[in-house]
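Subject: Structure handover

Hello,

Please find the structure below, followed by notes on what was found in it.

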Amino acid sequence: MSMVLVLYFFLHTNKLIQMKVSEAVWNGLKKQIEQFTEQDKEITDITITYQVRPSVNKNYLKLTVKQ
């Protein structure tokens, strides 16, 4: 299951999170990941920080996706 599908499923089953990630954002992210991993074959893991909304108190969601 792809990272997009996992996050999509989570966002649509968890009523506390009221946001949607646009296809343009995911497509841009996918393109960047592909470009960097083509340039550097030694990359094994990628950390992505995506701010859903501004907040004084940070509350992080950590997702792990393995291919």
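Glutamate 38 counts as exposed because its relative accessibility is 56%; buried means under 20% relative accessible area, exposed over 50%, and partly exposed in between, with a 1.4 Å probe and protein chains only. Before the rest, the ground rules. This is a predicted model, in which local features need pLDDT of at least 70 and side-chain atom pairs count only at pLDDT 80 or more, while totals for chains, interfaces and linings use all residues. Residues are numbered from 1 along each chain as its sequence is written, and side-chain values use heavy atoms, with hydrogens and water left out.

Overall composition

The protein chain has 2 helices and 0 strands. Helices (H or I, at least four residues) and strands (E, at least two) are DSSP runs, numbered from the N terminus. Of the 67 residues in the protein chain, 9% count as buried. Its accessible surface is about 6,600 Å², and carbon and sulfur atoms account for 55% of that. Areas come from the Shrake-Rupley method with a 1.4 Å probe, and for residues only the protein chains shown count as cover.

Salt bridges

A salt bridge here is a side-chain nitrogen of Lys or Arg within 4 Å of a carboxyl oxygen of Asp or Glu. The count by this rule is 2.

One of them joins lysine 41 to glutamate 38, with the closest N and O atoms 3.2 Å apart. Glutamate 38 sits in helix α2. Lysine 41 is classed as exposed because its relative accessibility is 60%.

Glutamate 34 and lysine 30 form a salt bridge as well, and here the closest N and O atoms are 2.6 Å apart. Both residues belong to helix α2 and are 4 residues apart, about one turn of the helix. Glutamate 34 is partly exposed, at 39% relative accessibility, and lysine 30 is partly exposed too, at 48%.

Nonpolar side chains

Helix α2 covers residues 23–39 and contains phenylalanine 36. At 48% relative accessibility, phenylalanine 36 is partly exposed. Together with Val25, Ile43, Ile46, Ile48, Tyr50 and Val52, Phe36 forms a nonpolar surface patch with about 590 Å² of accessible area. Patches are made of residues with over 30% relative accessible area and no salt bridge: like charges are joined within 9 Å, nonpolar side chains (Val, Leu, Ile, Met, Phe, Trp, Tyr) within 5 Å.

Isoleucine 33 is also in helix α2. Its relative accessible area is 23%, so isoleucine 33 is partly exposed. Leaving aside residues up to four places away in sequence, isoleucine 33 touches Ile46 and Ile48, where contact means heavy atoms within 4.5 Å. Between isoleucine 33 and isoleucine 46 there are 8.1 Å in space, C-alpha to C-alpha, and the two are 13 residues apart in sequence.

Regards
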